[in-house]
Amino acid sequence: MLISREGGHMKALKIENNQGHFVTEAGDYETVDKIDKAVLLRLVNMALEDGFEIDAFDEEKLKNQAHQIIYKSIGEKLTDLHQRRNQFRDESDRLYLEAYEKYKG
Amino acid sequence: MKKIDLHMHTVPTISDAYFSFSLEKLIEYVKSAELDAIAITNHDIFDLQQFNEIVEKLECAVFPGIEINLEKCHVLIISENENLDDFQLKTQAVSEKIKAIGDSITVEELINIFGDLNNYLVIPHYEKRPAISGDTLESIWDFISAGEVDSPKKFIRMAKDETEITPVIFSDVRISEEMRKFPTRQTFIDCGDISLRSLKFSLRDRNKVALSKSEGNSLFQVFDDGQNLSTGLNIVLGARSSGKTVTLNQINKDCENVKYIPQFALVQRDDSNYEKEFNADVARKKSVFSDKHLAPFKAVLDDVLNVDLGINKRKVEDYLATLLKLADEAEKLDAFSKVTLFNESQFEIGVDKVLNDLISSVRQLIENIEYREIIDKHVDIKSLKAMACELIELLWSKAYERKKKGLVNDIAKDVKSKLQLRTSATQVKDVDLYKVLIEHKKASRFNEIAQLLQNEKVIFEESVQGFKVICKQRAFEGASEIKNVSGQRVAFSDAYREYSNPFFYLAALKGNESLTPSEFYKYFACIEYEILNRDGFKVSGGERSEFRLLQEIKDAQNYDYLLIDEPESSFDNLFLKGEVNQILKEISRTMPVVIVTHNSSVGASINADYIVYTSKEIDGKNIVYRRYAGHPSDRELRSIDGKTINNFQVTLNSLEAGEDAYFERRGTYESIKN
């Protein structure tokens, strides 16, 4: 999880100046139309952690129509994942556990 | 010590094969076996007239008796030799009740007929078929003086066991005209005069009965000429053609339930055939073991089989590409594509496996019977039930939500497809990111598990007398090994290139249509089932025979005697001196073992309990075969007819080719050593 200069969690997605932004690896922000596969994967991993945060989608604040489309779709997906992160952890921890333990031992 | 045989037949009945009784043979038997007392015990009958004739002719004590079919087992009832008319009346009552094969009387009937059983010697078949059942034994327990057995092995086992009744061993012989040999199963008993009362008194003390006259239970009579053997370990020595194997054959014939390992029995005459047989047996065990070991992996593989990371990757790419493209077209969106539903994503509605598992775990806690006490100690069943209810309700509501979302998804999909027809705008290709992620996890967990399976590791190990049965898992060393396992004519070389990444390897296997997916689980790790020698190497042809010899000897535990003819003819000295001697010694603690040998590794190193030296001698014009026997520490070995022979001399002659040769060899070894 990226920590901002002020010490708080950095938002994965934020809306600023009517534009949608995503957080980069370096802790800066880029506009959402630059999102590629690698970025999406990074955002997905962030969504599975606690402390994940994004600005809620707001048509008023986000005037750029293209950004609206991207922000809304990816934002929803990441939020959904974040809400299901405990389910995901439980499910992956228990994945094939029996077999794993048998062969590990 | 008095020698008694209280179980013999003189009248053929429905329970016997026909024979014609010979009083002369009985007289001869009593004389040659030097019996002090006998009992006449025919099946469910007492013939007073014949009994009187027998008593008249015999010099030893003769007791009247009967062998009764009691609740499907056989019991001897022996009376004092008095009030014979009364005994005949009682036995007649038995005869009247038992007329056909399979008839028997009950304990109650027995007591009704004979009254107080304390007036008789009551001896059931104990470790002898048909043996007395637990219930019957219990109901006549107070009257039983001893239990009959049919071998020295069983006699000794019972004699040593303080919780057992006193054992007796009798001939159970049919005294017939055709008898060529006399039985050797009799019991020695330490009692004063020979009366029923005195016998009964002595039988109360297990230390008062023995298999031999003066050597307690360490010797028993094996042949009717009076030849004894140790109830422990015997070795039979002697020159070629002096009667060693004949001796073993005779024991095999005269005794029952004998394990006989003849000379060369275990040498592989047809090596390739034998190896095939041996390997087939190993393969069968391996396949059972391998399937058991791989079963959990198979379950994982069956699930992962449906995971296609390539498709998932493409789906994510398509999603992103279409999303970005649509965004790019944002300015040009028409009325149709501007509809919110046009780019609405689907609700994700995976089944909640975790919740399902949790519910079944709680249910197990509630329903388990075996560990009920522990569960109850820690958790209140009421709370468990409440928890189960809450979880199930949650599951229902989630299922309900899922159903609703599924409905919404259907509607959205329908609307979207209709809008799609009317607009040129790009439609975002949706992706279920949760599913993609879980499947990714599945693949990586599968890789971990498969790699664990490929770690070389012993998964099962069992020691069998110095040999080791070992089951190992390891990675396959090449495509050809996998091909062998598959038993198919398919080349695995392409797939094998991906072998180090099990998930990719699985994809490659899937790509080969001539392979059956249900067999894939066998192609990931090699399961080896091997029999190794003491050095940890695979057994050689010779060692396979060693393994079998040890198995055969081990199997002897199910028999009453073990005979081995010249084990040295098939095996090397170190093996014989080590494992074989050890296991033979061990087994001889519970049963008579007889080994024919002229090998010093066996003969001299095994510390036998008894030596039998066979000798072919010329007596005037006749050839006489003699057996000299004695303890290893005896100066002289003695034959039945009273001749003696120097123990040291014959042992050295048999095992070391004579004293001179022995010292010469010693000299040679000393010089090599120096």
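Let's start with B:Gly238, which is found in strand E14 of chain B. This is a predicted model, so everything below is a reading of predicted coordinates. B:Gly238 counts as buried because it has 25 C-beta neighbours inside 10 Å, where 20 or more is what the label takes.

Who sits around this glycine? Leaving out residues up to four places away in sequence, B:Gly238 touches B:Gly243, B:Lys244, B:Tyr613, B:Thr614, B:Ser615 and B:Ser654. One of these, B:Thr614, is 376 residues away along the chain, yet the two C-alpha atoms are separated by 4.9 Å.

## Strand E20 and its two partners

Strand E14 (residues 233-238) of chain B also pairs with E20(B), in the parallel sense and over four bridges. Within that pairing, B:Asn234 has B:Val594 of E20(B) as its bridge partner. E20(B) has another parallel partner in strand E19 (residues 561-565) of chain B, again with four bridges. There, B:Leu562 stands opposite B:Val593 of E20(B). To get from E19(B) to E20(B), the chain passes through helix H20 (residues 573-587) of chain B, making a right-handed β-α-β crossover.

Which way do the side chains of E20(B) (residues 593-596) point? B:Val593 and B:Ile595 go one way, B:Val594 and B:Val596 go the other, and all of them are buried.

## A nine-strand sheet

Elsewhere in chain B there is an open sheet of nine strands with mixed pairing, and its order runs E8-E7-E6-E5-E4-E3-E1-E10-E11. Strand E8 (167-169) and strand E11 (209-210) of chain B are the edges, each pairing on one side only.

Inside the order, strand E1 (residues 2-5) of chain B pairs with strand E3 (residues 37-43) of chain B in the parallel sense, over two bridges. B:Ile4 stands opposite B:Ala37 of E3(B).

## One side of helix H18

Helix H18 (residues 502-511) of chain B has buried residues at B:Pro502, B:Tyr505, B:Leu506 and B:Leu509. These residues lie on the same side of H18(B), because the arc they cover around the axis is only 105°.

## Chain B as a whole

Stepping back, chain B has 23 helices and 24 strands. Of its 674 residues, 33% are buried. Take the contacts in chain B with a separation of 6 or more, and 67% of them are between residues 24 or more positions apart.

## Where chain A meets chain B

How many residues does each chain bring to the contact? Chain A brings 30 residues and chain B brings 33 residues. On the chain A side, the elements giving two or more residues are helix H1 (37-47), helix H2 (65-83), helix H3 (85-93) and helix H4 (97-104) of chain A. H2(A) gives the most, with nine residues. By residue type, the side of chain A that touches chain B splits into 13 nonpolar, four polar and 13 charged.

## Confidence in chain A

Chain A has an average pLDDT of 86, and 92% of the residues score at least 70. In chain A, confidence is highest in strand E1 (residues 13-16) of chain A, at 93, and lowest in H4(A), at a mean of 84.

Key:
Residues are numbered from 1 along each chain as its sequence is written. Chains are lettered from A and ligands numbered from 1 in the order in which they are written. This is a predicted model: local features need pLDDT of at least 70, side-chain atom pairs count only at pLDDT 80 or more; totals for chains, interfaces and linings use all residues. Two residues are in contact if their C-beta atoms, placed from the backbone, lie within 7 Å. Ala, Val, Leu, Ile, Met, Phe, Trp, Tyr, Cys and Pro count as nonpolar, Asp, Glu, Lys and Arg as charged, and the others, Gly among them, as polar. A residue is buried if 20 or more other C-beta atoms lie within 10 Å of its own, exposed if 12 or fewer, and partly exposed in between; C-beta atoms are placed from the backbone. Two strands pair if DSSP finds at least two bridges between them. A crossover is right-handed if, with the strands pointing away from the viewer, the path from the first strand over the helix to the second runs clockwise. The arc is that of the directions from the helix axis to the C-beta atoms. pLDDT is the predictor's confidence in each residue, from 0 to 100.
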